[in-house]
Amino acid sequence: MNVPIKADIVIVGAGMVGSLLAAALKHLPLNIILIDPAVVTLPDVDAPFEPRVSALTRASQNVLTQVGAWELVTQYRHSPFTSMQVREEEGRGELQFKAQDIGEDYLGCLVENRVLQWALTTVAINADNVEFLAPEQLTQLERYPQHWRVTLASGKVIDTPLVVGADGAMSAVRKLSAITMETWDYQQQAIVCTVQTQKPHDSCARQVFLKTGPLAFLPLSKPDYCSIVWSAKDEQAKWLLSLSESDFKQELARAFGYELGEVLWCDQRYAFPLIARHAERYTLDGLALVGDAAHTIHPLAGQGVNLGFLDAAVLAEEIARGMARGLPIAHRQILQKYSLRRRHHNALMMHSMTALERLYAAKQPSLIMLRNEGVGFVNNQTWLKHFFEKQAMGLEGDLPQLAQNCSA
Ligand SMILES: Cc1cc2nc3c(=O)[nH]c(=O)nc-3n(C[C@H](O)[C@H](O)[C@H](O)COP(=O)(O)OP(=O)(O)OC[C@H]3O[C@@H](n4cnc5c(N)ncnc54)[C@H](O)[C@@H]3O)c2cc1C
């Protein structure tokens, strides 16, 4: 066996959330190892839009700004949205949220995942206290009385008091540490692709609840380009994927009620199975899960990575606070505090998404009436609309310092 090297923290996974955690810890006197099977590079500025984009809340943008990644994102492509519109295929009501109603310039921002990951990894790699091992991969995890032993595919061995699993939905850290999951299969697939529409999007993020699931048109940085997320039952998704490009464009424009006119062009389609997962616990002795390793959520409110960014920011905050009090880095109080601040919050968001998905999937007349009445009520109550606008910006609740308002 190779002689073990030592690290204060091993972060497994340099996706958006793992890289953010490393970047958020860059000022602390720690020796951090960040591991990923791949290194993300930035594509050409005029490369086609990536099919996977994230609708970032203002809270997430604050975190990215404060760790130094937002300035990198803005050198590339990003698309602030100034309004949001939610409607139902055959409903009477339509909800509209506008940034200007609450004195803001915009509600959130669309950024391609690859750009986010590149910006965050760049900040992490440039930090003096982070060593980036890639291409590399976790293969074994063993618990010793005072530390974890992490074995990598190359045969390298690392001993560390704190392992963080930021390795996504199929987390090896979660599996190897035997943390179980609660799962909820929506039996839906999310079809994503970039489209060009006849009418401009006017920086509005739109979503329609179809009988078969939600369909979102998310505005990109070109005025007539959107990224779509079409959540459809497995059978329908299979059919949508099998359509020719021209049939798919027609079906898409029709499903969206021609709100942005015809769909003129669409890029390759990709499908993601939709499964909500929640780890039964976020921490063990000397171990924590963050991001999709801890939870995956229906994309209908675009919250997944926003929750993951808050996990990483809260964990970094609790580590810094613990260290300031002289606690060892993996002290139980630090990890418990992290779990307490995040698990309940994420569970609430996940259950709300499932409830919303169920409410909109329901066909009973009483529930349809309830939806329409609810939409009408919210639209007529200025205070309630402002409440939802603030929620959409992610600026409510127990926010870590990094997520609080800062000038971008
Ligand atoms: C269709 C769709 C649309 C979405 N839209 C939005 C949106 O608008 N807004 C939003 O907030 N969220 C959205 N999400 C969710 C969001 O994409 C995820 O929450 C986010 O990608 C999770 O980031 P992560 O860093 O936790 O995990 P990942 O992005 O999965 O990263 C995990 C990393 O770990 C690495 N890894 C894996 N295994 C190992 C190993 N054994 N050793 C070392 N490294 C490993 C991987 O290479 C990867 O880099 C959407 C999701 C879907 C499916």
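**The ligand and its shell**

By class, the shell around the ligand holds 15 nonpolar, twelve polar and four charged residues. Here Ala, Val, Leu, Ile, Met, Phe, Trp, Tyr, Cys and Pro count as nonpolar, Asp, Glu, Lys and Arg as charged, and the others, Gly among them, as polar. Before going further, please note that this is a predicted model, in which local features need pLDDT of at least 70 and side-chain atom pairs count only at pLDDT 80 or more, while totals for chains, interfaces and linings use all residues. Residues are numbered from 1 along each chain as its sequence is written, and side-chain values use heavy atoms, with hydrogens and water left out.

Which residues come nearest to the ligand? Of the 31 residues around it, they are Asp36, Arg52, Ala55, Asp292 and Val305; a residue is counted as near if one of its heavy atoms lies within 4 Å of the molecule.

A backbone N or O atom of Ala55 is 2.9 Å from an oxygen atom of the ligand. For Met16, a polar backbone atom is 3.3 Å from a ligand oxygen. At Gly304, a backbone N or O atom lies 3.3 Å from a nitrogen atom of the ligand. The ligand taken alone exposes 1,000 Å², and the protein buries 83% of that; these areas come from the Shrake-Rupley method with a 1.4 Å probe.

Why does the ligand lie between two domains? Domain 1 (5–76 + 111–183 + 276–403) and domain 2 (185–274) both give residues to the shell, so the ligand lies between them. The domain bounds come from an automatic or database domain assignment.

**Elements that supply the shell**

At least two shell residues are supplied by each of helix H1 (16–24), strand S4 (53–57), helix H4 (113–126), strand S14 (181–197) and helix H8. Helices (H or I, at least four residues) and strands (E, at least two) are DSSP runs, numbered from the N terminus.

In H1, nine of nine residues are buried, meaning under 20% relative accessible area, with exposed set at over 50% and partly exposed in between (1.4 Å probe, protein chains only). Among the buried residues of H1 are Met16, Gly18 and Ser19.

Helix H8 (residues 304–324) is also mostly covered, with 16 of its 21 residues buried. From first C-alpha to last, H8 reaches 31 Å, close to the 30 Å expected at 1.5 Å a residue; the expected span is 1.5 Å times one less than the number of residues. Just after H8, Gly326 takes a positive phi of about 85°.

**Backbone details**

Gln187, in strand S14, has a positive phi near 55°, and its relative accessible area of 48% makes it partly exposed. Asp202 has a phi near 55° as well, but sits in the loop between S14 and strand S15 (204–210) and is exposed, at 57%.

Where is Pro135 placed? Pro135 belongs to the loop between strand S9 (130–133) and strand S10 (138–143). A cis peptide bond joins Ala134 to Pro135, with omega about -5°.

Finally, Ala355 lies in helix H9 (residues 332–361) and is partly exposed, because its relative accessibility is 44%. Its C-alpha atom is separated by 33 Å from that of Ala24, 331 residues away along the chain.

Note on methods:
A polar contact is a pair of N or O atoms within 3.5 Å; within protein, one must be able to donate a hydrogen and the other to accept it, and residues adjacent in sequence count only if both atoms are side-chain atoms.
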